[in-house]
Amino acid sequence: ISATNSAADLVRQLLLVARNEPESRQTTVDLAMVVRDAVNIARQTFDRRIFLTLQTPNRPCWVRGRASHLQQVLLNLLINARDAVADATNPSIEVLLESAPCVVEDASVPGWRLSVTDNGAGMDANTLARLGEPFFSTKPQGRGTGLGVATGVSIAQDHGGALQWVSELQKGSTFTLSLPRVNALRPARPPAIPQTPDLPRRKRVLVIDDEVLVRRVLRRLLEKRSLDVTEAATGLEGIERFEAEREHLSAVLLDLSMPELSGAEVLPRLIGIDPTIPIVIMSGHIHQQLDLSAAFAIAQKPIAMNALFELLKRAFAARTSR
């Protein structure tokens, strides 16, 4: 129960930060202050057995971006570290913020390096190779969405930096966030996000999923491929949005497991409105007795994003040919 309450407290405090900062607002942020705030939240909610240390410069560490997004990355890393040391004899987490070069567009620039190190069980080479894939989780079923690291990678790239990691079995793991430094007195130009034109431009995708983190990650990844994204948090909202925008939609990504109205119930209703719309079902648990024959394709979570993009390209082609 205490673990559940701690997780709930973390979520509530993170949501409070997010509500206070508009999504579109980018500012010059003191990374040191963001780190101190996140570590304070962890200290208030983590098991007291965990020895949590923090080292930061005694001066502002300016970066360009959104404080709530940066705090989200650090809280995700801290939660992952907390879970990693759950069975350690002397669990410890070290947070270090220091000055270090950051690579931006193949050039090294002054930056800040934030590392989170734990003495947990560590990860093997196969796990490390897949870490960062959306929906891939090292946690037991039901305890993780597999989006924490993927979200961190995406946010780091949006801020012109990178999220990297190293790990060794029985020795622990270190996750490192590198960000370019900016001058607080001069507003910095937001880092350019390279476009990868693998998918046709200006196609619109409707994402129906009750998990806000899933929708957020999919939006980031799809928009980076020059796609428009419309979101719906429930099956009923998805049907309403589909009815309003169906002439502009090229495909639908539909989660199977949702409260009240499941994906299996939403599927025939969308097809009834427009039989030509390609619908890609996404789920980690697909029951054989469900009739999903109307779906264009079924993507079993975890799914590599390249595989999902390939499904979408096929879906767009099918939509065009009908």
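Which strands does α3 lie across, and at about what angle does α3 run to β5? Select residues 67–84 to pick out helix α3, then look at what sits against it: α3 lies across β2, β4, β5, β6 and β7, running at about 35° to β5.

Before going further, colour by confidence, as this is a predicted model. The average pLDDT for the protein is 80, and 78% of the residues score at least 70. Over residues 1–24 pLDDT stays under 50, and the model has 26 contacts beyond four places in sequence for them. Residues 190–197 also stay under 50, with 13 such contacts.

**Stop 1: the mixed sheet**

Five of them make an open sheet, ordered β2-β4-β5-β7-β6, and the pairing is mixed. At the edges you'll find β2 (51–55) and β6, each pairing on one side only.

Next, select residues 107–118, which are strand β5. β5 pairs with β7 in the antiparallel sense, over eight bridges. To see one of these, click Val116: its bridge partner in β7 is Phe175.

Move on to residues 162–168 (β6) and 172–180 (β7), which pair in the antiparallel sense over seven bridges. Click Ala162 and look for Ser178, its bridge partner in β7. β6 and β7 form a hairpin with three residues between them, and Gln170 in the turn has a positive phi of about 70°.

**Stop 2**

**Stop 3: the parallel sheet**

Head over to another open sheet, also of five strands. The order here is β9-β8-β10-β11-β12, and the pairing is parallel. Its edge strands are β9 (228–232) and β12 (297–300), each of which pairs on one side only. From one strand to the next, the twist averages 20°.

Select residues 204–208, strand β8, which pairs with β9 in the parallel sense over five bridges. Click Val207, whose bridge partner in β9 is Glu231. Then bring in residues 212–224: this is helix α6, which packs on the sheet and touches β8, β9, β10 (251–255) and β11 (279–283). The direction of α6 makes about 170° with that of β9.

**Stop 4**

How does α7 run relative to β9? α7 lies across β8, β9 and β10, at about 140° to β9.

Finish by selecting residues 235–245 (α7) together with 263–273 (α8). These helices pack at an angle of about 10°, with their axes 10 Å apart, which makes α7 roughly parallel to α8. Show Gly235, Gly238, Ile239, Phe242 and Glu243 in α7; they meet Val266, Arg269, Leu270 and Ile273 in α8. This contact's residues divide into five nonpolar, two polar and two charged.

How values were computed
Residues are numbered from 1 along each chain as its sequence is written. This is a predicted model: local features need pLDDT of at least 70, side-chain atom pairs count only at pLDDT 80 or more; totals for chains, interfaces and linings use all residues. Side-chain values use heavy atoms; hydrogens and water are left out. Axes are lines fitted to C-alpha atoms, for helices over the stretch in contact, and angles run from 0 to 180 degrees between N-to-C directions. Helices (H or I, at least four residues) and strands (E, at least two) are DSSP runs, numbered from the N terminus. Two strands pair if DSSP finds at least two bridges between them. pLDDT is the predictor's confidence in each residue, from 0 to 100. Contact means heavy atoms within 4.5 Å. Angles under 35 degrees count as roughly parallel, over 145 as roughly antiparallel, 65 to 115 as roughly perpendicular and the rest as oblique. Ala, Val, Leu, Ile, Met, Phe, Trp, Tyr, Cys and Pro count as nonpolar, Asp, Glu, Lys and Arg as charged, and the others, Gly among them, as polar.
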